[in-house]
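Here is a short briefing to read alongside your model. Have a look at the chains first, and then we can walk through how they meet.

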2 protein chains.
Amino acid sequence: MSRVSSVCDVEDTPEDRYFLNNPKPESLDDLILKTSNFMNNCNKSENNDKIVLVTSGGTSVPLENNTVRFIDNFSAGTRGASSAEQFLFKGYKVIFLHREFSLQPFNRHFMRFTNVSFLDYFDSNGEIAPKYKKELVEMKRLSDLYKDQLLMLTFTSVNDYLWALRSIAILLNNRNCIFYLAAAVSDFYVPYDKLPEHKIQSRSEFQDESKKKHINESGKLVLDLDPVPKFLRDLVQTWANNSMIISFKLETDPNLLIVKAKQALENYNHQLVIGNLLDTRNREVVILSEKTADETWIRMTDEELKQTCIEELIVDNITQRHTEWINSSD
Amino acid sequence: MSRVSSVCDVEDTPEDRYFLNNPKPESLDDLILKTSNFMNNCNKSENNDKIVLVTSGGTSVPLENNTVRFIDNFSAGTRGASSAEQFLFKGYKVIFLHREFSLQPFNRHFMRFTNVSFLDYFDSNGEIAPKYKKELVEMKRLSDLYKDQLLMLTFTSVNDYLWALRSIAILLNNRNCIFYLAAAVSDFYVPYDKLPEHKIQSRSEFQDESKKKHINESGKLVLDLDPVPKFLRDLVQTWANNSMIISFKLETDPNLLIVKAKQALENYNHQLVIGNLLDTRNREVVILSEKTADETWIRMTDEELKQTCIEELIVDNITQRHTEWINSSD
């Protein structure tokens with residue numbers, strides 16, 4: 001491709017080729033500007049601020065360029081939004097890179113409840129209903145209090161996410177930074193040059209001429225997705241090689257959780273993996289470290305869950321490790 | 001399959017086989033009960049109520065039984081939620097069958113704005129900010145006013161949707177009813193007996209043994225989806241054969257819109273197709289009728305869009321046709 005041949009000093013890894021072949025999102029320049037400004041404000045303070053990038057929510061994988069259909073990863077964004085709150089409470093500055101319309105810190109307490117819609121919070125005079133008022137005032141207070149410590153950034157597609165992650169990582173790379181990668185990122189995608197321009201038609205006679213292969217003779221849709229290059233390797237080795245990197249493993253099969261989490265640590269040599277099962281993720285996680293063979297389980301009882309959320313315990317554990325990590329470099 | 005052979009009087013169409021082979025959602029009994037109660041209340045009034053089923057939002061297609069990944073159809077639910085409001089204003093009772101967390105009537109004016117989160121509507125005392133108060137009080141008033149005329153029902157997957165549509169149609173089938181099918185329903189799905197139990201693994205060694213075919217040698221994900229049977233035919237011919245049925249065509253390619261809309265009318269023999277293009281759907285639609293060769297275009301200028309939404313004009317047109325349709329049966 002001409003775009004590749006014009007860039008002579010680029011290594012020819014799948015990760016490099018990804019950014020050459022999949023266009024930069026229009027919103028990226030604005031995201032970089034916002035991140036730079038946020039970092040500048042952090043640097044002005046005298047505290048040698050600790051910063052965490054929290055990624056949250058699922059990425060989408062468009063199946064058409066004029067996107068009608070997409071593949072999505074289930075994630076409301078609870079882990080990320082709740083953890084972001086906890087990092088703020090611990091004095092961190094938080095960059096919250098999240099899927100548009102997924103749960104947000106503080107706001108999450110009023111979002112995505114099946115039986116409560118926006119107008120249900122109000123009485124007919126437009127006043128907040130008494131039973132919600134106390135929590136609302138408290139969350140508004142916290143939201144205002146941490147306003148300048150929290151940068152909200154969004155993505156939709158996996159392409160948005162990968163460009164954003166690389167850009168932020170390069171701006172952020174030092175030992176005072178944590179990458180807390182709670183987003184549910186697709187393992188597969190359709191490369192830009194294979195995306196049909198228009199909606200995939202259910203009858204083959206209306207297929208985009210160049211893309212007829214999508215529907216086979218028996219009327220089935222056959223989708224063929226490429227693996228997303230392993231960006232965690234670039235993050236650990238290059239983009240953020242001075243930062244503390246924490247990835248997440250979500251599995252549904254208990255037999256695979258530990259083996260897959262350990263494999264991730266071996267493959268990428270980053271600092272921590274947090275493993276969780278879909279069914280029990282709100283009450284049980286396991287933290288695996290590169291340095292020790294041990295697994296730290298965090299498990300909560302029903303009683304404990306009434307008092308706090310598991311993210312308080314996770315972030316408490318993580319920030320202690322981060323302090324040790326910073327000190328270990330002295 | 002034993003489940004098929006035990007039901008002797010079932011015709012062996014793809015649609016019949018669908019309901020035999022894809023299990024009833026757990027929530028269906030509750031949905032049927034709510035719909036029956038709503039219909040009973042309608043029948044108690046002396047006005048021979050007009051009823052519309054509005055479907056809204058996109059269906060999801062799970063790729064795993066413990067769903068982490070799914071295919072989704074883009075739809076915020078604006079057309080459906082806004083049209084539901086207009087039908088209420090015209091005196092209809094509205095059954096609003098929508099994707100969970102998609103836009104809802106009246107609530108939609110405060111949902112899914114990129115730059116306004118829930119807490120942004122409030123000041124630090126927990127009072128609604130003055131600039132939003134007037135609209136909030138008005139929408140709350142309308143929401144309360146039409147409370148008993150509006151039944152809210154939800155779906156997530158295409159399977160939820162199809163079971164719900166069939167059940168509601170059979171309860172609702174008479175000339176006073178409109179089926180206004182604005183939901184974006186997937187054309188493809190993974191049949192229940194082909195769904196992997198667990199999350200599809202990106203490395204073939206961790207694949208569910210019975211489903212190894214998902215990942216090929218080069219690490220690509222190959223998905224093979226069956227066509228969703230053509231339920232519109234059953235709706236028109238059987239389930240709701242006395243009701244007025246309106247389907248929607250969303251296309252991204254202007255060259256296909258009219259030809260595909262006409263083809264739908266020919267294939268299914270229902271009353272109306274409303275066609276729209278993804279880019280211009282908020283200001284331009286075309287209504288095609290079974291009876292006449294003409295296409296009715298509704299187009300709005302920038303000035304007109306400041307005054308009202310296109311759904312007011314669409315529903316005005318539809319309800320006039322519905323009155324004629326009812327009278328034509330006398």
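In this predicted model, the side chains of D226(B) and K220(A) meet in a salt bridge (3.4 Å, N to O); the term stands for a side-chain nitrogen of Lys or Arg within 4 Å of a carboxyl oxygen of Asp or Glu. Between chain B and chain A the count is 8 salt bridges. Local features need pLDDT of at least 70 and side-chain atom pairs count only at pLDDT 80 or more, while totals for chains, interfaces and linings use all residues. Residues are numbered from 1 along each chain as its sequence is written, chains are lettered from A in the order in which they are written, and side-chain values use heavy atoms, with hydrogens and water left out.

**Where the chains meet**
- The contact (heavy atoms within 4.5 Å) takes 70 residues from chain B and 70 residues from chain A.
- On the side of chain B that touches chain A, the residues divide into 29 nonpolar, 19 polar and 22 charged; here Ala, Val, Leu, Ile, Met, Phe, Trp, Tyr, Cys and Pro count as nonpolar, Asp, Glu, Lys and Arg as charged, and the others, Gly among them, as polar.

**Strand β6 of chain B**
- Strands here are DSSP runs (E, at least two residues), numbered from the N terminus.
- 5 of the 5 residues of β6(B) (residues 177–181) are buried, so the strand is largely enclosed by the rest of the structure; buried means under 20% relative accessible area (1.4 Å probe, protein chains only).
- C177(B), F179(B) and L181(B) cover one side, with I178(B) and Y180(B) on the other.
- F179(B) is the bridge partner of L53(B) and stands opposite I245(B) in β9(B).

Notes: Buried < 20%, exposed > 50% of the residue type's maximum accessible area, 1.4 Å probe, protein only. Helix = DSSP H or I, 4+ residues; strand = E, 2+ residues; numbered from the N terminus. Pairing = 2+ DSSP bridges.
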